[in-house]
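Please have the sequence and the 3D view open side by side.

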Amino acid sequence: MSSQNRLNKAYKAAQRISFTNEDKFILFSDCHRGDSSFADDFANNRNIYFHALNHYYKEDFSYIELGDGDELWENMFFKDIFEANKNVYLLLQQFFNTKRLHMIYGNHDMVYRNENIIKKNLSHYFDQRKGEKVPLFPNIKYHEALVLINKDNHNQELFLTHGHQADFMNYVGWKINRFLVRVLWKPLQVWGIKDPTSPAKNYIELIKVEENIKEWIANNNNKITITGHTHRPRFPSPIENALHYFNDGSCVHPRSITGIEIVNGTIALIKWFIDTKEDGTLQIVKEVLEGPCRLEDYKS
């Protein structure tokens, strides 16, 4: 099956979610939440991510995670990831309990295609204070893709998926890459050796993945498509007649995280990072990198 057929399959099977210009979404991907070891790329940005996510919860956003949330290639056991990031998961639980959590799996958490693994990992956790299992995300669903449908803009569609469908070895051959990462590259990562299986660290592979996604967009009436996977933020201008290919970046950039906000019928690329005040104290701030642009200006 070609990358075009894989993307077609994901689009056709995607859950459809209607929204209006009153709704607010924050899209993050590629958190790669790990176990706080030396190979854990998320650990450096955990506080930034938690602060940003807490802001969005208080501001009544819905959270959509575009895959590779949990680093299940380097780590065999979810409980190690949960224990290292318990505050994050309990905050995500608040989104879940208010029906504002939508999860997409990527290649690094591809095992979440299996409902039994989801149930085993995510339904409950052991509360040491109570000495018993308590609910975490009971009956949570993970999707290969979602389609947001804007009821205030002639049912305009936004296709959301991780993007690994455009990457043969990270979709079809993901188990091989998982083996290489878990056995070989995780130990070497401690010494600064980059993982060649990742398009985020392999420029030639990155360009190939982007071209495959753009080909699909061109063949589907320039449908707004938002992915992660490559870790490279992308934000097309609505006035330059470009292909409507968006990428939210990742949460493992050096000292920052990037994402996409959809608010009041607009879309924007944003960054959260640690900045220094004049008095030398540190603060976590948000910067708008691109946009906001009106969704209605992205014509098919």
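Which residues have the most contacts inside the largest nonpolar core? They are Phe 28, Tyr 49 and Tyr 63, in a core of 45 residues. A nonpolar core here is a set of buried Ala, Val, Leu, Ile, Met, Phe, Trp, Tyr and Cys residues joined through side-chain atoms within 4.5 Å. Buried means under 20% relative accessible area, exposed over 50%, and partly exposed in between, with a 1.4 Å probe and protein chains only. In soluble globular proteins, nonpolar side chains tend to be buried together.

This is a predicted model, in which local features need pLDDT of at least 70, side-chain atom pairs count only at pLDDT 80 or more, and totals for chains, interfaces and linings use all residues. Residues are numbered from 1 along each chain as its sequence is written, and side-chain values use heavy atoms, with hydrogens and water left out.

The element that gives the most to the 45-residue core is helix H4 (residues 86-97), with six residues. Helices (H or I, at least four residues) and strands (E, at least two) are DSSP runs, numbered from the N terminus.

Helix H5 (residues 115-122) has a buried side, to which Ile 118, Asn 121 and Leu 122 belong. These residues lie on the same side of H5 because they cover an arc of only 80° around the axis, the arc being that of the directions from the helix axis to the C-beta atoms. The cover over the buried residues of H5 includes helix H3 (78-84), strand S5 (124-127) and strand S7 (142-143). On the face turned away from the buried side, H5 carries the exposed residues Asn 116, Lys 119 and Lys 120.

Charged pairs come next. The whole structure has 11 salt bridges, each a side-chain nitrogen of Lys or Arg within 4 Å of a carboxyl oxygen of Asp or Glu. One of them joins Asp 127 and Arg 129 at 3.9 Å, N to O. Asp 127 is buried, at 3% relative accessible area, whereas Arg 129 is exposed, at 78%. Arg 294 meets Glu 296 at 2.8 Å and Asp 297 at 2.9 Å, N to O. Arg 294 is partly exposed at 45%, as are Glu 296 at 35% and Asp 297 at 27%. Elsewhere, Arg 33, Glu 65 and Asp 70 are linked in a network of salt bridges.

Lys 214 sits in helix H8 (residues 203-218) and is partly exposed, at 22% relative accessibility. Beyond neighbours within four places in sequence, Lys 214 is in contact with Arg 234, Leu 243 and Tyr 245. Lys 214 and Thr 225 are 11 residues apart in sequence and 9.0 Å apart in space, C-alpha to C-alpha.

Where does Met 169 lie? Met 169 is in helix H6 (residues 168-171) and is partly exposed, at 33% relative accessibility.

How values were computed:
Contact means heavy atoms within 4.5 Å.
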